[in-house]
Amino acid sequence: MTGFIHQALRYRSDDQFLDAVAAFVRDGLDAGDPVLVVVDHRSIPRLGRALGSRFEGVECHASQDWYDYPSRTLGRYHAYCERRGADRRVRVVGEPVWRGRSALETREWMRYESLVNVAFADSRHWILCPYDVRALPENVVSSAARTHPELVQEPCEAVEYTDPADFSAECDEQGLARLPGGADGIRFTRGRTAAVRRALAVYARRLGLPEQRAYDLVAAVHETVLNAVRYGGGHGVVRLHCDRDHVICEISDAGAYTPVARPAFPGHLPPRPGTATGHGMWLVRQLSDLVDDDLDAAGSVVRLYFRRPGRAQPAEGRVNS
């Protein structure tokens, strides 16, 4: 039994998609592997017809319901594979939603595809990720060769696989744009973080966030504040801002001024059982809709995004790049 396999299928027709995906599913069912298919909702009926009665043995979901935010999606796949394949291979067809994404969201979904190689490196699972070449822009299509060690139905020379640590570092090179100068600021220091929670709760209610999302916002920001107190010199500031789609909470600290190596993939990967670290930022990424950060011993900035009420998660339309 081979180790983890992560492939991209860059398809140019519906027939190419159906032939490759149906063959992948049949092979998995013949091997007795649990098979999970997450593809565009328009492809599900066609795939069902291609597989006939065998489709009954497949768990299937629409990408639009599964691919909401990167860390949450990775957590969802991780939980599924732990539940169904703790000691066996799970086969997954996973087609990300690229349409309607902002430049930041597109970057983070590319990072997600790269991180899959780290998250499941010690497993025997097999993941196939379809990319519709007809509908996606070149930067997304070309990224598949850098984030997947194998390309289905393409020559080996087409693979330009990049180590996930290097790919993630490239994603971080752009840095964070400044928030507008009028963003509200809440200062915090060691032993005085309760005031931050109270101010955040008031802010979330004022914006009309649903009760659960307001709770998530307060919990995620407070956990990030505690990390800033613990590792960032003991004090900092929370800045709050809204744009058209998101409530944005930025937590910055003054830095500890001690040389500390930047952690690999901070909070992006599920913490290993029994480990004492890595849980805080993983929780933050699960509660937030999107996280952007610039971590540095001389001062770090973490920005959390929460989608505003009435601003639906985009699933159709043009990919922004």
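Strand β2 (residues 35-39) runs parallel to β3, and four bridges join the two. The model is predicted. Both strands belong to an open sheet of six strands with parallel pairing, and a nonpolar core of 34 residues is the largest in the model.

**Sheet**
- The strand order is β3-β2-β4-β5-β1-β6.
- The edges are taken by β3 (59-62) and β6 (150-151); each has a single partner strand, so one side of each has no neighbour in the sheet.

**Largest nonpolar core**
- Which members of this core touch the most other members? They are Y67, Y77, F120 and Y131.
- At least two residues each are supplied by β2, α4, α5 (103-119), β5 (126-132), α6 (138-147) and α7 (164-172).
- Helix α5 gives the largest share, five residues.

**Surroundings of Y77**
- Neighbours within four places in sequence are left aside here; beyond them, Y77 is in contact with L36, V38, W66, Y67, V92, V93, G94, Y112 and F120.
- Two of these partners, Y67 and F120, are listed with Y77 among the core residues that touch the most other members.

**Second core**
- A separate core holds 28 residues, including Y203, L209, V284 and L287.

Methods
Residues are numbered from 1 along each chain as its sequence is written. This is a predicted model: local features need pLDDT of at least 70, side-chain atom pairs count only at pLDDT 80 or more; totals for chains, interfaces and linings use all residues. Side-chain values use heavy atoms; hydrogens and water are left out. Two strands pair if DSSP finds at least two bridges between them. A nonpolar core is a set of buried Ala, Val, Leu, Ile, Met, Phe, Trp, Tyr and Cys residues joined through side-chain atoms within 4.5 Å. Buried means under 20% relative accessible area, exposed over 50%, partly exposed in between (1.4 Å probe, protein chains only). Contact means heavy atoms within 4.5 Å.
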